[in-house]
Amino acid sequence: MTEYWVSQGNKWCDFCKIFIANNPFSIRTHELGKRHKDNVSKRLSTMQKESDAKDKEQQQAARALQQIEAKAKKSYQKDLENSQRNVDGDTSAAPGDGWVFDSTSGYYYDKSTGLHYDSNSGFYYSDGLGKWVTQEEAYKSVQTSKTDVGQSSTSQTKAPPAAETAVPAIKGGPAPGRVVTKPLNLMRPIKGAPAPSVVAANKRKREDKKPKVISKEEEAALKAREAARKRVEDREKPLMGLYRTY
């Protein structure tokens, strides 16, 4: 009977990155060697470090998520309290003495100055200006209007010179919370405010022209249009502002 020689092949050691003879004696000799033992120790140490780093990263991620959830919950509770206070008409957050919360429009109103205050944005609205402005601009406009009224009244009654310079003081305390110092961007559209008309912007004053004769039909149409415009302004006035709280 013919016998054939069969090669035993080689065995790959993944720790030492070498090939060894594939027989029990060679494998045992290699595993008992110092080089193999050192490589096995290094591999185990590396695996332990990677596992510790992974666990530390997971703990940091869990801690960050807990902080985010706590901040979100705190902000949510604060928003709920503000919303409930606005719905109930609570005046504890009023800007100062003389301010009354209007539940219809969602803003504070001061009868002495005629100003509207938005506690969310910190802006003031005046019918005389027709736009939302900062606190400084709003009180300045009120001061100017009251000065004009005081001068006109003193000129009519011929009061002493000391009364001409007297200007009524503005009532109402300062607004709590943030106060906006930068004016609004006039090019940015405001929610609820009517867009400027192109015809009104490009309209120029004509001088030295005779007044145009208007017929009765045109006069009636103009009156109807003016009445419709006033109705629209009265209806949309509570909605004018940057935003309102629900």
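**Setting values against definitions**

Mentor: Aspartate 102 lies in strand S3, where a strand is a DSSP run of E of at least two residues and a helix a run of H or I of at least four, both numbered from the N terminus. The model is predicted, so that local features need pLDDT of at least 70 and side-chain atom pairs count only at pLDDT 80 or more, while totals for chains, interfaces and linings use all residues. Residues are numbered from 1 along each chain as its sequence is written, and side-chain values use heavy atoms, with hydrogens and water left out.

Trainee: Why is aspartate 102 called partly exposed?

Mentor: Buried means under 20% relative accessible area and exposed means over 50%, with partly exposed in between (1.4 Å probe, protein chains only). Aspartate 102 has a relative accessible area of 30%, and therefore it is partly exposed. In space, aspartate 102 is 9.5 Å from histidine 116, C-alpha to C-alpha, although the two are 14 residues apart in sequence.

Trainee: What makes up the largest nonpolar core?

Mentor: Such a core is a set of buried Ala, Val, Leu, Ile, Met, Phe, Trp, Tyr and Cys residues joined through side-chain atoms within 4.5 Å. Here the largest one has 10 residues in all, namely Trp99, Phe101, Tyr108, Leu115, Tyr117, Tyr124, Val133, Ala138, Tyr139 and Val142. Strand S3 (99–102), strand S5 (115–117) and helix H3 (135–157) are the elements that give two or more residues to this core, and H3 gives the most, with 3 residues. In soluble globular proteins, nonpolar side chains tend to be buried together. Over the whole protein, 18% of the 246 residues count as buried.

Trainee: What makes S3 and S7 edge strands?

Mentor: The open sheet has 5 strands in the order S3-S4-S5-S6-S7, with antiparallel pairing, and S3 and strand S7 (131–133) each pair on one side only. On average, neighbouring strands of this sheet are turned by 35 degrees against each other, direction ignored.

Trainee: How many bridges join S1 to S2?

Mentor: Strand S1 (residues 10–13) and strand S2 (residues 18–21) run antiparallel, with 4 bridges joining them. Asparagine 10 has alanine 21 in S2 as its bridge partner, and cysteine 13 stands opposite isoleucine 18. The hairpin of S1 and S2 has 4 residues between the strands, and lysine 17 takes a positive phi near 60 degrees there.

Trainee: What does the UniProt annotation cover, and how much of that stretch is helix?

Mentor: The record, an unreviewed entry, gives "domain: Matrin-type" for residues 11–42, and such annotations may be inferred rather than shown by experiment. Over residues 11–42 the chain is 53% helix and 22% strand, with the end C-alpha atoms 21 Å apart. The secondary structure of the protein as a whole comes to 6 helices and 7 strands.

Terms used: Pairing = 2+ DSSP bridges. Axes fitted to C-alpha atoms, helices over the stretch in contact; angles between N-to-C directions.
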